[in-house]
Amino acid sequence: MSATGLPLPALGYVPPSAMFRRRTAIIAGVVAFITAAGVYLNFKPWMLFTDFHHLVRLADEMVPPNVALLWTKTALYQSVAETVAMAFLGTLVGGTVAFALAFVAAKNTTPHPWLRHVARLGFGLERATPNFVVLLILFIAFGFGPYAAMIALAIGSVGMFGKLFADAIEQIDPGPCEAVASVGANPFQVIRYAVIPQVLPSVVANGFYAFDVNMRAAIALGVYGGGGIGFELQLAMKVLRYPDVLALILLVIVLITGMERVSDLIRRSLLRSDTLK
Amino acid sequence: MLNVEQLTKKLPDGRALLDGISFRVSRGEFVGVLGASGAGKSLTLRCILGLTRADGGTATLQANDGQTFELTTCKGRCQREARRRMGVIFQGFNLVKRLRVIDNVMIGRLAQIHPLRSWLYGFTDAEAAEALEALRRVKMEKYADRTTGSLSGGEMQRVAIARAVFQKPSLYLADEPIASLDPSNSLAIMKLLQPLAKETPVLGVFHQPEMTARFCTRVIAIKHGKIVYDGNPGLSHAQLEDIYGDELMQVLRPAPAALTPEDVSAVSPFSGRIDESTGGLLAKQTT
Amino acid sequence: MSSPTAYLHRRTGALLPRRLRKPLLAFFVLGTLIAVSARLCKVDLSEFFPGLLKGVEVLRFFFPPDWSSLQEMLVPALVTVLLAAVATPLGVVLSFFFGLAGARNLSPPWLRSTARTLIGVERALPEIIVLLLLVAALGVGPFPGVIALAIGSVGMLGKLFADAIEELDAKVLESVGSVGATRSQIIRFAVLPEVMPALLSNSIFRFEVNIRASVLLGAVGAGGIGFELQKAMALLEYERAMMAVLVTLLLVFGAERVSDFLRRRVLDGGKLA
């Protein structure tokens, strides 16, 4: 088989003209598909030019950003704290549950193969369900606000990180487990002394990643009504106070970038100080 | 033809890495540059190529088509035109592993086609046929359609030479072309370079005096950034000692380095490729 | 030793064994954070179980799903997929340029930091905000949706592409430059081929992500099944909403499978040489 997958002509190599024809055909196919889809969707790319003035008008209304909001509206700081708290608790609770369930979902620690499939299926289902559906149900159960959003984030974390943690557990070296079991330890002790130490670095790293993801999700859920900065933002949009909107967007950017740095720092110092018991 | 005069390169603290390097390379010559590690041989080559900027001196290339290029001051368009007329072979082969062998050869003429053309349809079938001829010269024509990453070191270096040949340059530059190869492949590469030199001059940096003694028409030796020898390729032991100092033992009788997978496969009963010429156990030459 | 630990040492030295001190501090800090966060989120543990029961109660309304509405859900599902299908290539092309600009080995420092900053800013913005802005300016419809998805891709893909380009072997780029190639030729013949597997794999993954995002954005007005879902929930037609959820699940699962399959093929063999 030739390097390109095309049949080798007598030349011994596929000539550039043939390669060119093949490449062009593929690109033409993709472009045709996209154009067809665009036409079907009524997607008008030229709107970018014809309606550009709308974007300019919006930008005009947003600038200059109402940065004064930061010191006039002190409730903002509570919103920020709310968003961070949502992400933090959601990650913590969800991560813990995910960690526990991961043991059921991992090939090498599951009490029963059926349970493993159920767990994995559960994770997949959760990941596939749109975030806001879970949120809406939780709103009915717990009312609007950060409580429901936090639980929604926790559930979302279980879906996402249950899979990651289970994969990490499946990839450990069985050697230490056998060693610990051979001295007569029960399954929980094996987990405590052989599995957890191996899996902990990956869990911690994923935990920080989860927090990053949940920070963004917390803002998105806030827009749907979950509270925090996201809620403030969509509120500002509803009342058409666009300078406030821009100020809040900048706040969001600062918040997320800041949180990223902070969590990076904490993660690195944790790794260094080696608090992995 | 290449004329290098008073090439200088200094470190920020004032020490000279290259101190007044001057030499000529003319038609028909196969010039080997020798020197201890850090003496400045690769640096000279890099300054000629413009990969590093020299602090002083000139390097003039007189191309076969009559044009002259001042390599140390050339920039942008001029530098590309100059590089087009120089075929370079690197120690690490440095080919694009995911492309086919024949594509890597055709890259040699990139400077000779318009960028727009290279984006739109690339090379023509006629150019591909010429590239195959270049591969024939290095006896790699059967590998034309293979992915370059699947080749061994010696094979890749031959493709690199084919690329340089395809370029139809006025000068070949080789930066330690055989340093990463085992002795039998090194020999094959030198045997390829020697006839090339007869039509187009070759300036090569080497770390193997026995190779330059055997294949080069002239040898230049650099020590501490200065040229200390320029002449006959056969160097006496005393002269080599002077050039290499403590490294001499390493250079003449290389210590067996860690075996690479290629070394192992050469002696493994499963590959069927046992190299008799070196007694069965290959030791890679290290720089 | 950090000062909190030293302080703890002095105060509790006689009471606690050495081994416990650091973990105890961590525990304490964590506990405070949890307590503060719980307060902020208005967590009410007494409400938890009743709320849970209420939630389960509500779930009853979602079953059985309204199978009769399946027909009506198919076209919106297609719309959701097509939105992602149109937006992803646009996003990939855009991200490729950002990736080139954000690569240390190809781009002057000022361009690199600008590109990287823009990528970082985009990553920090949840897609929904981009969509809301676009909708505010241009109204609802497929156009804001596609653009929001495409721009949203830049955050993830731009960074991945820039990183992939930076990790290329500089010697290969130098080598192609040594024949006299222009920068665009180096990109075409050295960067593009080497980076292609990563490009394809990440783009396929982003398509999968964009399908999920398309559902979410649909709820806010971009159309597709997300919109149907949101509409059903707003009208309290929970069985219909459940049908929409089922269709979404099918869609996302399917996308995941296809994406995994394609990516494995790309990373193993290389579909397009």
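I started with the contact between chains C and A, which takes 65 residues from chain C and 63 residues from chain A; contact here means heavy atoms within 4.5 Å. Before going on, I noted that this is a predicted model, where local features need pLDDT of at least 70, side-chain atom pairs count only at pLDDT 80 or more, and totals for chains, interfaces and linings use all residues. I also noted that residues are numbered from 1 along each chain as its sequence is written, that chains are lettered from A and ligands numbered from 1 in the order in which they are written, and that side-chain values use heavy atoms, with hydrogens and water left out.

Next I looked up the area. Interface size is often given as the accessible area lost when the parts come together. Chain C and chain A bury about 5,400 Å² between them, and carbon and sulfur atoms give 80% of that. Buried area is what the two parts lose in accessible area (1.4 Å probe) on being put together, summed over both.

Then the charged pairs. I found 2 salt bridges between chain C and chain A, using a side-chain nitrogen of Lys or Arg within 4 Å of a carboxyl oxygen of Asp or Glu as the rule. One of them pairs Glu260(A) with Arg123(C), with the closest N and O atoms 3.4 Å apart. On the chain C side that touches chain A, α3(C) gives the largest share, 10 residues. By class, that side of chain C has 50 nonpolar, 5 polar and 10 charged residues. Nonpolar covers Ala, Val, Leu, Ile, Met, Phe, Trp, Tyr, Cys and Pro; charged is Asp, Glu, Lys and Arg; the others, Gly among them, are polar.

On to the backbone. I checked omega and got a cis bond from Val63(A) to Pro64(A), near -5 degrees. Pro64(A) sits in the loop between α3 (52-62) and α4 (69-72) of chain A. Helices are DSSP runs (H or I, at least four residues), strands likewise (E, at least two), numbered from the N terminus. In chain C, Phe63(C) and Pro64(C) are joined by a cis peptide bond too, with omega about -5 degrees. Pro64(C) is in the loop between α3 (45-62) and α4 (70-101) of chain C.

Last, positive phi. Asn42(A), not a glycine, has phi of about 65 degrees and lies in the loop between α1 (16-41) and α2 (47-50) of chain A. Gln6(B), also not a glycine, has about 55 degrees, but lies in strand β1 (residues 2-10) of chain B.
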